[in-house]
Structures are given as C-alpha cells and as structure tokens.
Amino acid sequence: MTILARFFRDLLRLILFLLRYFLRRGSDPDPRRCRPCPPALKRPDPFLYSQYYLMHLGIPVTWDNPDIYIFEGNTAVDPHNLEPSTDYTLVARIWNNSTDVPVVDLGVVFTYLSFGMGVQSHAIAATKTDLNVKGLPGCPAFAAVPWKTPPMAGHYCVQVLLEPPDDSNWLNNLGQRNMDVAQPASPATFEFDVGNHALPRPRRVHFTVDTYAIPPLPPCDDRPPNDVRLRELKRSAPHIPEGWTVQLTPSELVLAPGEEKTVKAEITPSPGFAGRMPINVHALDDAACFGGVTLVVEAP
Amino acid sequence: MDWFPSYTQCSSPSGWYKVPAWAMALLGTVGLAGLFLAGLAGAWAPGVAAFLATACLAAITFCTWWLNVRLICLGGDHSAVGAIYHLEPPDPTWNPFAFGSYDTDYSFNLLLWQFIPKHALPASFVGTQWSAAAAGKLASDWPTLPPLTPNLPFATVQTEVERIIPQQSMASLNLKFVGQNIEDADQPTPAIPGGSSQHFLLHCEIEGPGMRDLRTLLWVLFGVFVAAAALSAIPVIGSALAWILSILAFLAFLIGGGAITHDDASPPTGGGWGGSFNPYDTADGPNGKVDLAYVYGRWVYDSLHDGWNELHPLHFMIKIGDATKGDLGNGNWPGDVGDKQKRYDGLYTGINAPDTPGKQAQPGNQWNVHPLLDGCEGDDSHPEPDPDEVIK
C-alpha cells in the first residue's frame, strides 16, 4: 500500500472514530473499570450438543445426544442396554467454535442420573483433554472416563459438563444423553422419573412431546470454500404423526422440593408401523424446560 | 489467526536512532524565523500559519519516530505465562496538550511463572548487566542466590530470565536498563540482601491507535496551515481567510486532540475478543482469585523509557487457569503451568501456520451452532471416537 493510500485509510478511520466518539459521547465505557480488560484477551468456545442452549436458541432438540458415547470394551452401546455393575467407558466429543483459541487441559465432568428429568445427578469422574481450534486436527477432541454402572438395574442418563478456564459462551457446555428404546408391544411402555431438586418451592410440571431427530446433513461437495451460507435451522419440531398416540400418566405434576415421581409413557404406533421413531418428551415448569428424554419405538 | 490490531514497527538495533531532537529543533527554528521575518514585514497571517505548519512537521517527526523506530526488536514473537501483577489502562484526558495521553496503549506487568513479587535480580548482576559475561555469571551464581530468587535450577527459569534481562544485540547502543519494580506494599521487609529493583515482571503493551491518530491529525493540520499561508497571498481577503483557516485548524486540534486520547486499545467486535481478568495486586486478600495468562507478543526494548524489555504489541492473550493470591505470593504456582505453555506453543504453531486459514475456510468448518445442525457432510466433518485411540 502506498504511503498516500495508507494516510487516507488512517484519515478515514480517524474521522469515523471522531464521529462515533462525539455522537456517542458519555456512553463509552471507562477503560479503568476493567470491563472488558485487558483488551487483547481472547476466549475459546468449547461446546458439545447442549440441549438447554439449543432450546434457548429456539432450536428443537433430541435427548439422544450425538456427542456422548458409551462403550463396552471397544463397542459402542446404547444407554438403554446398560447392565448393572458393569464396566463401561463414557466418551464425550467436544467441539470448539473458536478459530483462534484452543484449550489446554479442558476440564470435562461426567455425571449420571436416573432416567428422567430434574432428578439428582451423581458424580462419575472428571478428566482433562486438549481441544484445538475449529478446522484443525484436535477439534473435535474426545474425553473418556471409565464408569462402573450402579448395582441396581435401570436406565440412566449421562451428563457431560465442560469446565474451561475461560469461555466466550458458557451456555453450551452442558449436554446429556437420556434415551430409552422399546418395542411396540401394544403399546410400547416406558417409565421415567421427574424431580424437583432445583426449587425451594413446589414445581408445577407439564410435558410437551415431539418427534424431532437431527436431520441428515447436505453434502459438503456442493459448497465452495469460504461459502458461509448456513443451513437454515428448524425452529419447530415435528408433531406426533397421525395414527400415533402418546399417553403420559400423570400428564401434569406438582412436585414438592426434593420430591421425585415416576411417569409412565404408553406409545401406540400407527397400524403397520415398521422402523424407528423417536419420541421426545420435554418437561417444563413455570420458567422453562428443565429436562427431557427421548423414547425410541422400534418395530422390525 | 486474528491478532489484536497493532500500529508500530520495531527497528533493528543497527537501524535504531534516538529521538530526532535536532530535526525537530531545526523545524522549530525555521518556523520561528519565518514568523519573525513575516512579522517584520507585517505579514502576520502567513507567518503564524507557516510557524504552525513547521510545528506540525516537528510533531509528525516525533510521532513517526515513536511509531516506527522507538521499539528495538529483540528477536521475533514469544509467549510467556504468569499472572497479571498490575494493570495500567490508558489515561484519557480533554487536555490536548497532555502529550503523554496520546499513548493509548493498555499495559500490564506479568509476574512470570515460578517467581514471586519479591524475587529480584541480584545487584551484582545489575551492576554489570550490559557486559557480555553478565548472563553467564548470573547462571553460575543462580544456586547461591535464594531467597533472592526461587530455589530452582537455572535451566528451569532460563527462558523467563532471558526475556527480562538486557540483550547483547543492543549493548553497543549505550541505553539505560532499569527493568520493572514491584509496588511498595510488596517490597520485602527487611530487604533481601544483595537485591535490586529489577523484579521478574515482564511488561506487556496492547496497542491503542492514539499516536497513529495524532500523526494523521497533524498531517491534516499541516495541510491546512500550508493552505492558509498560501491563501494569504490573495489580495484583500487573503489575510482574513488565512486567519480563519488557522483558527479553525487550531480549534480542530483542541477538540480532536482531546478526543484522540480516548481512542484507546479496545477489543474488536466479535472473534472471541473480550472478557475480564483478575490481577494480582487488586486480589481480595490471600484467598482472592488471580487469573493466570498465556500471552503472546513481539519481544522488544522500549527506548522511550529508562529501559526494559517487553512484549509490544501483545498479539493476544488467553486465560489458562487461576490460583489464589496467597499461593502465588508464597510461590505455590500450579505445577502444570510450564507444561501448559509448551502445549499452547505447540498448538499455536499450527494455528499461526500459513495454510490454516485455508483449512478453516473449508465448507465442513462453516457451521456456527453445531456441525451436525448447520454443517455439512464431508469426509471428516464430524469424526466418531476411535476406541483404540480414545479409550486407554
């Protein structure tokens, strides 16, 4: 760039600054207040499929988390097939939405809950992993911990929480996998627990039901590099198809602080159904959704 | 990767020179002489305009030295880890003649990992620090220096010590070197025998555009004053036009200059810039939280001051953990900080590689929310865990 061109660029920047400064005078933050500070601080954005964050964005979710895996030996298994007192390995797939800031020693905390919503979690283990930036090897990163299932038979949810030293988005660090599978034995029957361990007052609970599953991705081959057209995200989940019924008993609850109750779900598919249908049940209180499960009906 | 904006260059030791005071004085003298002669001829309007134009040129000369020569390159970009000891934000003012306020850099001192504030270089080293043998002597004396220095082998602190001591590459320039001192509250009582005022603090500066803005404004004013002097040659109305232009330009300096001191180093919008940091000196007692930082910047000597090495400009910094003020004050650093620095260095070698933007521009990396939601299906766009690799 010639000296003259650089001068005019600097002059333009100066004029823009002065205009901005005088038009917005008084609203500029005092740098001595240290918010933000220091200005060259950059933050990573580690995340995984986080149902609560996606719901916050208005995006439908599945509770069959694609970033949480359960291995028995070297074989991936579904959470509904877990045996009591058996050794498994839990694996979290972790992404970084920063192209500049990796995370060394990213803390990853694994917990489990009984199958349901709003129930108490129990520690499994914490580990650390190094997460590189978007688009380079090391992103996604994987974090694994061993887990011996409790001696009681039952279904379990697995939660993963990321604990980086800094983050540009703290809302997308918690994901959970709550999924169960049943055959439609006229009807397919599931049970899950709903609890109130968060509020010091009674929690009024109701449910919503949908059949959302993560749709297949379009092929990358169709796009040139630097094409930033993003796929339009669905803002509403598909309803229960015609001919299906989902019966929740009870369909509404009032839970005292610390109380847990069991809800029964009876799902009757349409006649002649064959295949796999996910039914997402989301639990809501007066404030927001506080959990959910994905119930999968499988018919050969 | 996306670095924080920077406005300066550093000069090699052989290309460095002192503030060109002679050139500035010469310009000032010429301007004053012009003013005097014009006054004698009764042509005050062009005389004042020409004098102010030469004053602008003198100031531009200083700004150019400040931006392009003042900093002496010590050898590339480097990282460092530690805790921010003390923050020094810029000091905006509405006084356009407070020339120090045009430096809108945001500074801090980094307490280097493994050291505590009271650790200091020995006076025996500081007295001979520019000599070629001084660094070697410091290394050989190191085991005898505690409690002035940490009780660690010199090899474990060598890189950090190297960052803050005078460099032989510029020893022939005969510049001062005073290093960085700690605050009075942290001074050891009684003083540790054989110590100095040079502590293990690395000065870091995040650049603001203030001086660049000032130079731009001065060039504009220079042009206006020259135009005013030329306009005064117009019969009848020339002098009046020259006075009006000169007064307007001076007013622009009074208002614009004050505003420029507020154009400080600010985080760019988006890109993950921003956040806050808990420094050491303002932490709330021994249990107060102090954040640990990985910083990366250009290693230079700043010749405008009495002398110290620094990272300037700081290209970026990240938070890598935390500790309590009490632990850091007692030297109980988290044990893995040095290892983290090496791993961050390794990762940033790849992140700053020339082919990285191309990789990151691939369609499979253009998602914003989650690769499985707004991404696309490519060969390696969402790899599954390989049990042989992941499960150990």
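Reader: At what angle do α6(B) and α7(B) pack, and how far apart are their axes?
Author: This is a predicted model, with residues numbered from 1 along each chain as its sequence is written, and chains lettered from A and ligands numbered from 1 in the order in which they are written. Local features need pLDDT of at least 70, side-chain atom pairs count only at pLDDT 80 or more, and totals for chains, interfaces and linings use all residues. With axes fitted to C-alpha atoms over the stretch in contact and angles from 0 to 180 degrees between N-to-C directions, α6(B) and α7(B) pack at about 175 degrees, and their axes are apart by 8 Å.

Reader: Is α6(B) roughly parallel or roughly antiparallel to α7(B)?
Author: Angles under 35 degrees count as roughly parallel, over 145 as roughly antiparallel, 65 to 115 as roughly perpendicular and the rest as oblique. The angle here is about 175 degrees, so the relation of α6(B) to α7(B) is roughly antiparallel.

Reader: How do the residues of this contact divide by type?
Author: Residues are in contact if their C-beta atoms, placed from the backbone, lie within 7 Å. α6(B) contributes residues including L214(B), L217(B) and F225(B), and α7(B) residues including L241(B), A249(B) and F253(B). Counting Ala, Val, Leu, Ile, Met, Phe, Trp, Tyr, Cys and Pro as nonpolar, Asp, Glu, Lys and Arg as charged, and the others, Gly among them, as polar, the contact has 16 nonpolar, 5 polar and 1 charged.

Reader: Which element of chain B gives the most to the side that touches chain A?
Author: In total, 72 residues of chain B are in contact with 66 residues of chain A. α6 (210-231) and α7 (238-260) of chain B are among the elements that give two or more residues. The most, 8 residues, come from β6(B).

Reader: Which strands stand at the edges of the open sheet in chain A?
Author: Four strands are ordered β7-β5-β9-β10 (chain A) with antiparallel pairing, where a pair needs at least two DSSP bridges. The twist from one strand to the next averages 20 degrees. Two strands have a single partner each, so one side of each lacks a neighbour in the sheet: β7 (121-131) and β10 (174-177) of chain A.

Reader: Which residue of β10(A) is the bridge partner of L161(A)?
Author: Strand β9 (residues 156-163) of chain A pairs with β10(A) over 4 bridges, in the antiparallel sense. The bridge partner of L161(A) in β10(A) is L174(A).

Reader: How many helices and strands are in chain B?
Author: Helices (H or I, at least four residues) and strands (E, at least two) are DSSP runs, numbered from the N terminus. The C-alpha atoms of chain B fill a box of roughly 90 × 65 × 40 Å along the principal axes. Chain B has 12 helices and 6 strands.

Terms used:
Contact = placed C-beta atoms within 7 Å.
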